[in-house]
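Thanks for coming. I will talk briefly about metal sites, and then stop.

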Amino acid sequence: MSSKDWIEKDYYAALGVDKSASSDEIKKSYRKLARESHPDHNPGDAGAEERFKTVSEAYAVLGDEKKRREYDEMRSLFGSGAFRRGARGTGQSGGAPFDVSDLFGGGGAGGGGDARFGGGGFTDLFSTIFSGGGAGGAARPRGPARGRDVEAEVALDFTDAVRGVTLPLTLRAPGVCDTCHGNGAKPGTTPLACPVCHGAGVTTRNQGSFSFSEPCRNCQGVGTIVEEKCPECHGTGGVTKTRTLTVRFPAGVADGQRIRLAGRGEPGDRGGPAGDLFVHVKVRPDELFGRTGDDLTLNVPITYAEAVLGTDLRVPTLDGTVTLRVPPGTPTGRVLRARGKGVVRNDGRAGDLLVTLDVVVPAKVSDEARAALETFAAQTPPAAREHLDARVRRFS
Ligand SMILES: [Zn+2]
Ligand SMILES: [Zn+2]
């Protein structure tokens, strides 16, 4: 006998007594009905045998003060008949007495494979059935649930990240199937109580003096069996839902940044507030420019002659060009700054373009160049290395 049996079966009706009947009235009625339907008095009458079973099962519960109280409690909690649709008698009686606390406290047993209802234990299963079945609000008191937060990743072009960009963002998230409302059954049909666990979603195994509860293998812990599958979700009760949001990325959004869009996550349950959407930003590197905060960076090779003599350099910016003055005698590695040519924030603050000069040494020179350079060398004082030469002498 299972919780499901208790919820589905009206034992008072089976014994033809009122809910308020005394234990004597119940006993009297049971004896009369059992006598009438007893197989010994009705040989070969299958209907009578079925009635005898029903009456015996009812009396096994109502004839026991403790079980009757539990039965009454459960029926009042779940509302009589709430599960009658689609329920199927199992014909089983006897077995372990069901403990009401199993139903409400049994978080340990549900776990795992209950994908159909979002991974909760069977408390969730029942509340889901309830909200779908329209029975009174006697189940777990629970306020409207806030929708889940959603994480998404987006890759932006370097230039888009610097200037800001508005992009459609397509989100794929698991959702409840609209066709079957998550129960996995073809519209017009109803999932049946699992005949193995009788809808509890768990089975109990006894081993010596221990007993183990485990998710029912027949129904994967769901408690119901879908005979005709929903064509939309193929019986899983879930579908992948796609939604497209338009997201505005502000100028200067950085690689690795996490942007929170309040209320753009999954919608809440029963009018609860929506969750948040967190967008992880990746910025694709640019082939020319680098970025440090709001400054853009650029490396510009110059010749030794340009470094020595000075020159005007025309370099690209993100949206044009700028001419920079390289003064005579500029050392390699010097950084020139083009003000305001970096990231321009929406409030008008702007970073700079930082140009790093890189004096390149030619691997080969012409004979004329070599001769000119040798003349140059003869005219040039040696490099300032005295401080190193002093140290070198100590070792020679
Ligand atoms: Zn089962
Ligand atoms: Zn479906």
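First, a term: donors are N, O and S atoms within 2.8 Å of the metal (3.2 Å for Na, K and Ca), and water is not among the atoms, so sites may look incomplete. This is a predicted model, where local features need pLDDT of at least 70, side-chain atom pairs count only at pLDDT 80 or more, and totals for chains, interfaces and linings use all residues. Residues are numbered from 1 along each chain as its sequence is written, chains are lettered from A and ligands numbered from 1 in the order in which they are written, and side-chain values use heavy atoms, with hydrogens and water left out.

Take the zinc ion (ligand 1). Its donors are spaced C-x2-C-x18-C-x2-C along the chain. They are the SG atoms of Cys-194, Cys-197, Cys-216 and Cys-219, at 2.2 to 2.3 Å. The angles between these four donor atoms are 103 to 115°, so the arrangement is tetrahedral (four donors, all angles between 85 and 135 degrees). Cys-216 is buried, because its relative accessibility is 1%; buried means under 20% relative accessible area, with a 1.4 Å probe and protein chains only. Cys-219 is buried too, at 3%.

Now the zinc ion (ligand 2). Cys-177, Cys-180, Cys-230 and Cys-233 each give an SG atom, 2.3 Å from the zinc. This site is also tetrahedral, with angles of 105 to 115°. The spacing here is C-x2-C-x49-C-x2-C. Cys-177 sits in the loop between strands S2 (165-176) and S3 (192-193), and Cys-233 in the loop between S6 (224-225) and S7 (238-249), so the pair ties together parts 56 residues apart in sequence. Strands are DSSP runs of E, at least two residues, numbered from the N terminus. Both Cys-177 and Cys-233 are buried.

Key. Four donors count as tetrahedral if all angles lie between 85 and 135 degrees; four count as square planar and six as octahedral if opposite donors are over 155 degrees apart and all others between 65 and 115; anything else is irregular. Buried means under 20% relative accessible area, exposed over 50%, partly exposed in between (1.4 Å probe, protein chains only). Helices (H or I, at least four residues) and strands (E, at least two) are DSSP runs, numbered from the N terminus.
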